[in-house]
Amino acid sequence: MTASSPDQLPSSSRSARAAAFSVHIFTALGAGVALIAMMSAVRGEWAVMFGWLGLALIIDALDGPIARHFDVGRVLPDWSGDALDFVVDFLTYVFVPAYAIAASGLLVPWTAVLLGAGIVITSALYFADKRMKTDDNHFRGFPALWNGAAFYLFLLQPSPVIASLAMLALIILTFVPVHVLHPVRVMRLRRLNLSLMAIWAVLAVITLIQNFAVALPVTVALCAIAFYIVCGDAVIRLMGPSRS
(Lines give C-alpha, C1' and ligand atoms only; values in the text may rest on other atoms or scores of the structure.)
Protein backbone atom coordinates (compact mmCIF):
# COMPACT_ATOMS: atom_id res chain seq x y z
CA MET A 1 0.00 0.00 0.00
CA THR A 2 1.48 3.34 -1.01
CA ALA A 3 1.55 6.34 1.27
CA SER A 4 -0.96 9.08 0.60
CA SER A 5 0.34 12.37 -0.74
CA PRO A 6 -0.43 15.53 1.26
CA ASP A 7 -3.16 16.39 -1.25
CA GLN A 8 -4.82 13.02 -0.71
CA LEU A 9 -4.90 13.26 3.09
CA PRO A 10 -8.31 13.81 4.69
CA SER A 11 -8.99 17.44 5.49
CA SER A 12 -9.13 16.58 9.20
CA SER A 13 -5.63 15.08 8.98
CA ARG A 14 -4.27 18.11 7.13
CA SER A 15 -5.78 20.46 9.69
CA ALA A 16 -4.32 18.40 12.53
CA ARG A 17 -0.87 18.56 10.93
CA ALA A 18 -1.22 22.30 10.36
CA ALA A 19 -2.26 22.84 13.97
CA ALA A 20 0.62 20.71 15.21
CA PHE A 21 3.15 22.52 13.05
CA SER A 22 1.84 25.87 14.26
CA VAL A 23 2.89 24.77 17.76
CA HIS A 24 6.45 24.24 16.49
CA ILE A 25 6.33 27.71 14.94
CA PHE A 26 5.18 29.11 18.28
CA THR A 27 8.12 27.42 20.02
CA ALA A 28 10.53 28.69 17.36
CA LEU A 29 9.30 32.24 18.00
CA GLY A 30 11.43 32.03 21.13
CA ALA A 31 14.54 32.03 18.94
CA GLY A 32 13.41 35.25 17.30
CA VAL A 33 12.74 36.75 20.72
CA ALA A 34 16.25 35.69 21.75
CA LEU A 35 17.72 37.61 18.81
CA ILE A 36 15.78 40.75 19.73
CA ALA A 37 16.91 40.36 23.35
CA MET A 38 20.52 40.03 22.17
CA MET A 39 20.23 43.20 20.10
CA SER A 40 18.94 45.03 23.18
CA ALA A 41 21.84 43.65 25.22
CA VAL A 42 24.38 44.83 22.64
CA ARG A 43 22.91 48.32 22.99
CA GLY A 44 23.20 48.07 26.78
CA GLU A 45 19.42 48.18 27.21
CA TRP A 46 19.45 45.63 30.00
CA ALA A 47 15.92 46.06 31.30
CA VAL A 48 14.55 45.77 27.77
CA MET A 49 16.65 42.65 27.23
CA PHE A 50 15.19 41.04 30.35
CA GLY A 51 11.72 42.01 29.17
CA TRP A 52 12.24 40.06 25.96
CA LEU A 53 13.67 37.13 27.90
CA GLY A 54 10.55 37.26 30.05
CA LEU A 55 8.43 36.93 26.91
CA ALA A 56 10.56 33.91 25.96
CA LEU A 57 9.76 32.40 29.38
CA ILE A 58 6.04 32.79 28.70
CA ILE A 59 6.41 31.06 25.32
CA ASP A 60 8.39 28.27 26.98
CA ALA A 61 5.71 27.85 29.66
CA LEU A 62 2.87 27.66 27.14
CA ASP A 63 4.25 25.59 24.28
CA GLY A 64 4.42 22.32 26.21
CA PRO A 65 0.75 22.21 27.29
CA ILE A 66 -0.33 23.34 23.83
CA ALA A 67 1.81 20.63 22.20
CA ARG A 68 0.26 17.98 24.44
CA HIS A 69 -3.23 19.27 23.62
CA PHE A 70 -2.63 18.88 19.87
CA ASP A 71 -0.67 15.61 20.34
CA VAL A 72 2.16 17.08 18.29
CA GLY A 73 4.56 14.19 18.81
CA ARG A 74 2.12 11.71 17.25
CA VAL A 75 0.82 13.97 14.48
CA LEU A 76 4.28 15.11 13.35
CA PRO A 77 6.64 12.24 14.21
CA ASP A 78 9.35 13.53 11.83
CA TRP A 79 9.73 16.79 13.77
CA SER A 80 11.39 16.77 17.19
CA GLY A 81 9.75 19.21 19.56
CA ASP A 82 12.31 18.30 22.22
CA ALA A 83 15.23 19.24 19.97
CA LEU A 84 13.55 22.50 18.99
CA ASP A 85 12.82 23.31 22.62
CA PHE A 86 16.43 22.64 23.61
CA VAL A 87 17.75 24.96 20.88
CA VAL A 88 15.46 27.81 21.93
CA ASP A 89 16.07 27.22 25.64
CA PHE A 90 19.83 27.33 25.13
CA LEU A 91 19.52 30.71 23.45
CA THR A 92 17.17 32.26 26.00
CA TYR A 93 18.35 30.61 29.22
CA VAL A 94 22.07 30.53 28.45
CA PHE A 95 23.52 32.31 25.43
CA VAL A 96 21.91 35.75 25.68
CA PRO A 97 22.25 35.89 29.50
CA ALA A 98 25.89 34.75 29.23
CA TYR A 99 26.58 37.69 26.94
CA ALA A 100 24.81 40.04 29.36
CA ILE A 101 26.83 38.74 32.30
CA ALA A 102 30.12 39.01 30.42
CA ALA A 103 29.37 42.46 28.97
CA SER A 104 27.69 43.94 32.04
CA GLY A 105 30.79 45.53 33.52
CA LEU A 106 29.80 44.00 36.85
CA LEU A 107 32.54 41.34 36.88
CA VAL A 108 36.29 41.62 37.41
CA PRO A 109 37.28 42.68 33.86
CA TRP A 110 39.78 39.92 33.11
CA THR A 111 37.30 37.26 34.23
CA ALA A 112 34.37 38.41 32.08
CA VAL A 113 35.23 36.59 28.86
CA LEU A 114 36.45 33.48 30.68
CA LEU A 115 33.29 33.24 32.78
CA GLY A 116 31.04 33.94 29.78
CA ALA A 117 32.72 31.15 27.84
CA GLY A 118 32.53 28.88 30.88
CA ILE A 119 28.81 29.49 31.15
CA VAL A 120 28.01 28.49 27.56
CA ILE A 121 30.39 25.49 27.54
CA THR A 122 29.18 23.97 30.81
CA SER A 123 25.55 24.68 29.96
CA ALA A 124 25.91 22.95 26.58
CA LEU A 125 27.19 19.89 28.44
CA TYR A 126 24.36 20.19 30.98
CA PHE A 127 21.73 20.27 28.23
CA ALA A 128 23.20 17.07 26.80
CA ASP A 129 23.02 15.25 30.15
CA LYS A 130 20.01 12.93 30.21
CA ARG A 131 20.21 12.93 34.03
CA MET A 132 19.56 16.68 34.28
CA LYS A 133 16.19 15.95 35.96
CA THR A 134 15.33 13.49 38.69
CA ASP A 135 12.36 11.13 38.51
CA ASP A 136 10.30 13.57 40.59
CA ASN A 137 11.15 16.51 38.28
CA HIS A 138 13.78 18.23 40.40
CA PHE A 139 16.83 19.55 38.60
CA ARG A 140 20.16 17.84 39.29
CA GLY A 141 22.86 20.49 39.70
CA PHE A 142 22.49 24.19 38.94
CA PRO A 143 19.95 24.02 36.11
CA ALA A 144 21.59 26.50 33.72
CA LEU A 145 19.09 29.21 34.66
CA TRP A 146 21.51 31.91 33.64
CA ASN A 147 18.69 34.31 32.80
CA GLY A 148 17.83 34.20 36.51
CA ALA A 149 21.47 34.51 37.56
CA ALA A 150 21.90 37.51 35.28
CA PHE A 151 18.71 39.10 36.63
CA TYR A 152 19.94 38.89 40.22
CA LEU A 153 23.40 40.10 39.21
CA PHE A 154 21.87 43.28 37.78
CA LEU A 155 19.47 43.59 40.72
CA LEU A 156 22.02 43.23 43.51
CA GLN A 157 25.14 44.54 41.74
CA PRO A 158 27.65 43.14 44.25
CA SER A 159 31.32 44.03 44.10
CA PRO A 160 33.09 42.70 40.98
CA VAL A 161 35.06 40.16 43.01
CA ILE A 162 31.93 38.74 44.68
CA ALA A 163 30.05 38.78 41.37
CA SER A 164 32.82 36.88 39.58
CA LEU A 165 33.11 34.33 42.39
CA ALA A 166 29.34 33.83 42.41
CA MET A 167 29.29 33.14 38.66
CA LEU A 168 32.21 30.72 39.05
CA ALA A 169 30.39 28.95 41.88
CA LEU A 170 27.28 28.48 39.72
CA ILE A 171 29.41 27.09 36.89
CA ILE A 172 30.88 24.53 39.29
CA LEU A 173 27.48 23.72 40.79
CA THR A 174 26.23 22.75 37.34
CA PHE A 175 27.95 19.40 37.88
CA VAL A 176 27.39 18.99 41.62
CA PRO A 177 24.58 16.48 42.33
CA VAL A 178 22.48 18.87 44.42
CA HIS A 179 18.75 18.98 43.69
CA VAL A 180 16.99 22.22 42.74
CA LEU A 181 13.23 22.61 42.78
CA HIS A 182 11.36 22.93 39.48
CA PRO A 183 8.58 25.23 40.72
CA VAL A 184 6.13 24.22 37.97
CA ARG A 185 6.61 20.48 37.48
CA VAL A 186 7.27 19.31 41.04
CA MET A 187 3.89 18.24 42.40
CA ARG A 188 4.55 18.58 46.15
CA LEU A 189 3.59 22.10 47.32
CA ARG A 190 2.80 22.95 43.70
CA ARG A 191 0.09 25.45 44.61
CA LEU A 192 2.47 27.31 46.91
CA ASN A 193 5.24 27.18 44.31
CA LEU A 194 3.03 28.56 41.54
CA SER A 195 1.77 31.33 43.83
CA LEU A 196 5.33 32.34 44.64
CA MET A 197 6.19 32.32 40.94
CA ALA A 198 3.25 34.61 40.23
CA ILE A 199 4.41 37.02 42.95
CA TRP A 200 7.95 36.82 41.59
CA ALA A 201 6.74 37.65 38.07
CA VAL A 202 4.88 40.74 39.27
CA LEU A 203 7.88 41.95 41.26
CA ALA A 204 10.21 41.26 38.32
CA VAL A 205 8.03 43.34 36.00
CA ILE A 206 8.09 46.19 38.53
CA THR A 207 11.87 45.85 38.72
CA LEU A 208 12.29 46.09 34.96
CA ILE A 209 9.90 49.03 34.65
CA GLN A 210 11.98 50.86 37.25
CA ASN A 211 15.24 49.77 35.57
CA PHE A 212 16.34 47.82 38.69
CA ALA A 213 16.04 50.92 40.92
CA VAL A 214 13.45 49.33 43.20
CA ALA A 215 12.72 49.76 46.89
CA LEU A 216 14.43 47.47 49.38
CA PRO A 217 11.28 45.42 50.17
CA VAL A 218 10.99 44.42 46.50
CA THR A 219 14.61 43.31 46.45
CA VAL A 220 14.20 41.39 49.69
CA ALA A 221 11.06 39.64 48.43
CA LEU A 222 12.74 38.66 45.16
CA CYS A 223 15.74 37.28 47.03
CA ALA A 224 13.54 35.41 49.52
CA ILE A 225 11.66 33.66 46.70
CA ALA A 226 14.93 32.74 45.02
CA PHE A 227 16.23 31.35 48.32
CA TYR A 228 13.08 29.24 48.67
CA ILE A 229 13.50 27.82 45.16
CA VAL A 230 17.11 26.91 45.93
CA CYS A 231 16.17 25.29 49.25
CA GLY A 232 12.74 23.98 48.19
CA ASP A 233 14.01 20.50 47.42
CA ALA A 234 15.40 20.13 50.94
CA VAL A 235 12.10 21.38 52.41
CA ILE A 236 10.07 18.86 50.42
CA ARG A 237 12.36 15.96 51.31
CA LEU A 238 12.25 16.87 55.01
CA MET A 239 8.45 16.61 54.78
CA GLY A 240 8.83 12.92 53.98
CA PRO A 241 6.93 10.88 51.39
CA SER A 242 3.66 12.22 50.04
CA ARG A 243 0.55 10.61 51.53
CA SER A 244 -1.37 10.92 48.31
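Student: In this predicted model, which residue does Glu45 meet in a salt bridge of 3.3 Å, N to O?
Tutor: The side chain of Glu45 takes part in a salt bridge with an N to O distance of 3.3 Å, and Glu45 itself is partly exposed, with a relative accessible area of 32%. Side chains of opposite charge can pair when their charged atoms come close. The residue that meets Glu45 in this salt bridge is Arg43.

Student: How many salt bridges does the structure hold, and is Arg74 buried or exposed?
Tutor: Besides the pair of Glu45 and Arg43, the side chains of Arg74 and Asp71 meet in a salt bridge at 2.6 Å, N to O. Asp71 counts as partly exposed because its relative accessibility is 32%, whereas Arg74 has a relative accessible area of 59%, and over 50% counts as exposed. The structure therefore holds two salt bridges by the 4 Å cut-off, and Arg74 is exposed.

Student: Which side chain makes a polar contact of 3.0 Å with that of Thr27?
Tutor: Thr27 lies in helix α1, which spans residues 11–42, and Thr27 is buried, with a relative accessible area of 7%. Not counting residues up to four places away in sequence, Thr27 touches Ile59, Asp63, Leu84, Asp85 and Val88. Among these, the residue whose side chain is joined to that of Thr27 by a polar contact of 3.0 Å is Asp63.

Student: Which element gives the most residues to the largest nonpolar core?
Tutor: The largest nonpolar core has 46 residues, of which Met49, Phe50, Trp146 and Phe151 touch the most other members. The elements that give two or more residues to this core are α1, α2 (46–69), α4 (81–103), α5 (109–128), α6 (146–156), α7 (160–173), α8 (190–209) and α9 (216–238). The element that gives the most, with eight residues, is α6.

Student: Where there is another core apart from the largest one, how many residues does that core have?
Tutor: The other core lies apart from the largest one, and its members include Ala20, Val23, Val72 and Leu76. The number of residues in this core is five.

Student: Which residues does Trp146 contact, leaving aside its neighbours within four places in sequence?
Tutor: Trp146 is one of the residues that touch the most other members of the largest nonpolar core. With its neighbours within four places in sequence left aside, Trp146 is in contact with Tyr93, Val94, Pro97, Ile101, Ile119, Ser123, Met167, Leu170 and Ile171.

Student: Against which elements do the buried residues of α5 pack?
Tutor: Helix α5 has 20 residues and reaches 30 Å from its first C-alpha to its last, close to the 28 Å expected at 1.5 Å a residue. Its buried residues include Thr111, Leu115, Ile119, Thr122 and Tyr126. The buried residues of α5 pack against α4, β1 (139–140), α6 and α7.

Student: Why do the buried residues of α7 lie on the same side of the helix, and which exposed residues does the face turned away carry?
Tutor: Helix α7 has 14 residues and spans 20 Å from its first C-alpha to its last, close to the 20 Å expected at 1.5 Å a residue, and its buried residues are Ala163, Ser164, Met167, Leu170 and Ile171. These residues cover an arc of only 125 degrees around the axis, which puts them on the same side of α7. What covers these buried residues includes α4, α5 and α6. The face turned away from the buried side carries the exposed residues Ile162, Leu165 and Ile172.

Student: Is Phe212, which has a positive phi although it is not a glycine, buried or exposed?
Tutor: Most residues other than glycine have a negative phi. Gln157 has a positive phi of about 45 degrees, and Gln157 sits in the loop between α6 and α7, where it is partly exposed with a relative accessible area of 47%. Phe212, with a phi of about 70 degrees, is found in the loop between α8 and α9. Because its relative accessibility is 11%, and under 20% is the cut-off, Phe212 counts as buried.

Student: What share of the 244 residues of the protein counts as buried?
Tutor: The secondary structure of the protein comes to nine helices and two strands, and residues 24 or more positions apart account for 78% of the contacts with a separation of 6 or more. Of the 244 residues, the share that counts as buried is 39%.

Conventions:
Residues numbered from 1 in each chain as written. Predicted model: local features only at pLDDT ≥ 70, side-chain atom pairs only at ≥ 80, totals over all residues. Heavy atoms only, no water. Helix = DSSP H or I, 4+ residues; strand = E, 2+ residues; numbered from the N terminus. Buried < 20%, exposed > 50% of the residue type's maximum accessible area, 1.4 Å probe, protein only. Polar contact = N/O pair within 3.5 Å; in protein donor to acceptor, adjacent residues only side chain to side chain. Contact = heavy atoms within 4.5 Å. Core = buried A, V, L, I, M, F, W, Y, C linked by side-chain atoms within 4.5 Å. Expected span 1.5 Å × (residues − 1). Arc of directions from axis to C-beta.
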